[in-house]
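Dear colleague,

Please find below the sequence and structure that I am handing over to you. A short account of what was found follows directly after.

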Amino acid sequence: MKRDELVIDVEGVTKRFGTRTVVQGINMQVRRGEIYGFLGPNGSGKTTFLRMLCGLLRPDGGHGHCLGFDILTEAAAIKERVGYMTQRFSYYADLSLEENLDFVARIFGVPKRREAVQQSLEKLGLGGRRKQLAGQLSGGWKQRLALAASLIHSPQLLLLDEPTAGVDPKARRDFWSELHQLAADGMTVLITTHYMDEAERCHRLAYISYGKLLASGTVEDVVRQAGFETWEVTGPELNDLMPKLQAAAAIEQVVPFGRAMHVSGKDSAGLQAAIAPFQVDPYRWRPVPSSLEDAFIGLMGSSEDNFA
Amino acid sequence: MKLHAISLRRIWAVFIKEFIQMRRDRLTFGMMVGIPLLQLTLFGFAINSDPKHLPTAILSADHGPFARTLIAAMRSSQYFHFTGVAPTEEEADTLLKNGEVQFVLHIPEDFSRKLLRGERPDLLVEADATDPAATGPALSALAQLMDGALRRDLHGPLAYLSPKPGPVQLVLHRRYNEEGITQYNIVPGLMGVVLTMTMVVITSLAITRESERGTMENLLSTPARPSEVMIGKILPYIAVGYIQAGLILLAAHFLFHVPMLGSLVLLMTLILVFITANLALGITFSTVAQNQLQAMQMSFFFFLPSILLSGFMFPFRGMPEWAQWIGEVLPLTHFLRMVRGILLKSNGMAEVWPNVWPILVFILVVMLVGIKRFRRTLD
């Protein structure tokens, strides 16, 4: 596979559980070597989508290719080439690190298995803990083990489902350096997350809510698609100001950010008219570029409205 | 989905993993060896369907020689153990009511005199028959020993009083277990009970545990196919089943001296069929159960009728027809007949076949349900 080739290229992917449509006609294209962020509120269908990509679930609608294999008919071939890290730690608590890796390597039929396991242990700095039972590891170490295990068969595509939930900031930063290193070597990474700083480290993003893809592209693209204008206000007693601002129809969201507040809306003229009465001392106002977080919170709110 | 052959390599991977986990789970592993030993001790040494030395009180108003002869005969039958003399009817009643004695022997006044006169005096034996199994063998032995005991005393001029032999000479021939030793029946049967208990519970738990802990999702996102996971998980437990069966057979031979007349090779082969039936059921339970607790409950729901209706605890032919039909469905029923047939009656394949095919049908039906359920739980 060449760089720039599409690793994931799917169209209209849909999944229903009973009468509930969990994923609704999602289109997605991810290029080789890309870190693609997948965001959205809890229960929005992110995990279901990942499970369909790696062949755990069969889509009810749509078609497409993953690593050049048909997602509907060639799940077995896809599974051989994909590393999947589940949201919950899903290796064996009663096996040691080494035994866990060895098991996964056997399942995938990794050539020179013992060497591969040793290398994997050393590369992730797990060498000293090889005999320790996985169940006794802390959250950060469990996550390292899970990453090592999902990489042991040198997959071409890595699917990570909220890999950094409950992991401390330093471990998270190391984790992301590792991901960027892997991507630079040509691996494609699809990652779901709730953290804004992580979203901003992705090459491209998609935002999904209630099974629908609402925005996708680079960080700038997503912010632009959300279409918000944002003003920042600083001053004393901002808490008193908040309900007054929220009452205005043109103001779609008011979000406190420490000692400031972000006030945003899609209708630029209406927004400015709405804040005009409050542009008096001691409040200080200035227009700011909408952040990714503003955009996401806005997207989340608007999609809920659609459902109501 | 493209079908490709089942991979031995992946089965081996799951097998090794399962084996390490089994070895590491000391408690469960201990149970697997401990349960057969515990049950052997409990059932093998403790159960006796022919209880002897039952406490008996005497309420005697006649101390003549015939009364003494009868008491001596009862004592030497070993079924009756005379614990004392009850002076009055009331006290005899109290002893029976309190459960201090199993029997009260009433020898009426003038017993010897009436006997000599040929008046056929009454001899009353009261039994606490709340548990028929406890009193049954003693009471049936009593009827026989009475005639024999008196025959020796009633000779010479009294010979005319001696009981006459009946018109038919009854010949009893207790084949395959002449002495009626309970262990010969219980110990081979225990093998089936222990295998049913551990095999169903352990497989249903082993598989439910994977889905409960989320490791199943991970496993199925790899190229490992459900059938490979199943086979790999089951194989170590087949080995455990054989260890259990071996332990019980050794105990049967060296501890209980159970005869082993038939082919052990045939027995070992049929044990595999029986183990498979239980493992298949365990897997099917695991596809229905949401968690390990439910899997455990379902296993016990199956285990109770197995132990009660299979003919292990109570005679199969003593059950009403509907209960026998339920019993006929259970693999344990057929396994008991097979194992007892092979060990005690030296049955061969031809004789045990009527009990082999019902187990094969059971396996087929249970597997079909299991596979159907398993497919569904994936999506």
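**Findings**

B:Arg120 is exposed, because 9 other C-beta atoms lie within 10 Å (a residue is buried if 20 or more other C-beta atoms lie within 10 Å of its own, exposed if 12 or fewer, and partly exposed in between, with C-beta atoms placed from the backbone). B:Arg120 sits in the loop between helix H5 (111-116) and strand E4 (124-127) of chain B; here helices (H or I, at least four residues) and strands (E, at least two) are DSSP runs, numbered from the N terminus. Although B:Arg120 is not a glycine, its phi is positive, at about 50 degrees.

This is a predicted model, in which local features need pLDDT of at least 70 and side-chain atom pairs count only at pLDDT 80 or more, while totals for chains, interfaces and linings use all residues. Residues are numbered from 1 along each chain as its sequence is written, and chains are lettered from A and ligands numbered from 1 in the order in which they are written.

**Backbone features of chain A**

A positive phi is also found at A:Leu67, at about 55 degrees, although A:Leu67 is not a glycine. A:Leu67 belongs to the loop between strand E4 (61-66) and strand E5 (69-70) of chain A. A:Leu67 is buried, because 23 other C-beta atoms lie within 10 Å.

The peptide bond that joins A:Asp281 and A:Pro282 is cis, with omega about 5 degrees. A:Pro282 is placed in the loop between helix H10 (268-275) and strand E14 (284-288) of chain A. As background, most residues other than glycine have a negative phi, and most peptide bonds are trans.

A:Lys170 lies in helix H6 (residues 169-184) of chain A. A:Lys170 is exposed, with 9 other C-beta atoms within 10 Å. Between the C-alpha atoms of A:Lys170 and A:Gly140, which are 30 residues apart along the chain, the separation is 9.6 Å.

**Overall organisation**

Chain A contains 11 helices and 14 strands. Its C-alpha atoms fill a box of roughly 70 × 45 × 40 Å along the principal axes. Chain A has 308 residues, of which 41% count as buried. Of the contacts in chain A between residues at least 6 apart in sequence, 69% join residues at least 24 apart (two residues are in contact if their C-beta atoms, placed from the backbone, lie within 7 Å).

Domain bounds come from an automatic or database domain assignment. For chain A, the assignment gives domain 1 (6-93 + 135-221) and domain 2 (229-289), and the C-alpha centres of these two domains are 36 Å apart. Chain B is divided into domain 1 (8-47 + 180-378) and domain 2 (54-161), with 49 Å between their C-alpha centres.

**Helix packing**

In chain A, the axes of H3(A) and helix H5 (residues 139-151) come within 9 Å and cross at roughly 25 degrees. Axes are lines fitted to C-alpha atoms, for helices over the stretch in contact, and angles run from 0 to 180 degrees between N-to-C directions. H3(A) and H5(A) are therefore roughly parallel to each other (angles under 35 degrees count as roughly parallel, over 145 as roughly antiparallel, 65 to 115 as roughly perpendicular and the rest as oblique). The contact is made by A:Leu97, A:Asn100, A:Leu101 and A:Val104 of H3(A), together with A:Leu145, A:Ala148 and A:Ala149 of H5(A). These residues divide into six nonpolar, one polar and no charged (Ala, Val, Leu, Ile, Met, Phe, Trp, Tyr, Cys and Pro count as nonpolar, Asp, Glu, Lys and Arg as charged, and the others, Gly among them, as polar).

In chain B, the axes of helix H3 (residues 65-76) and helix H6 (residues 132-153) come within 9 Å and cross at roughly 135 degrees. H3(B) and H6(B) are therefore oblique to each other. Among the residues that make this contact are B:Phe66 and B:Leu70 of H3(B) and B:Leu145 and B:Asp153 of H6(B). The contact of H3(B) with H6(B) comprises eight nonpolar residues, one polar and one charged.

**Contact between the chains**

The contact takes 24 residues from chain A and 21 residues from chain B. On the side of chain A that touches chain B, helix H2 (75-81) and helix H3 (97-108) are the elements that give two or more residues. H3(A) provides the largest share of that side, five residues. The residues of that side divide into 12 nonpolar, four polar and eight charged.
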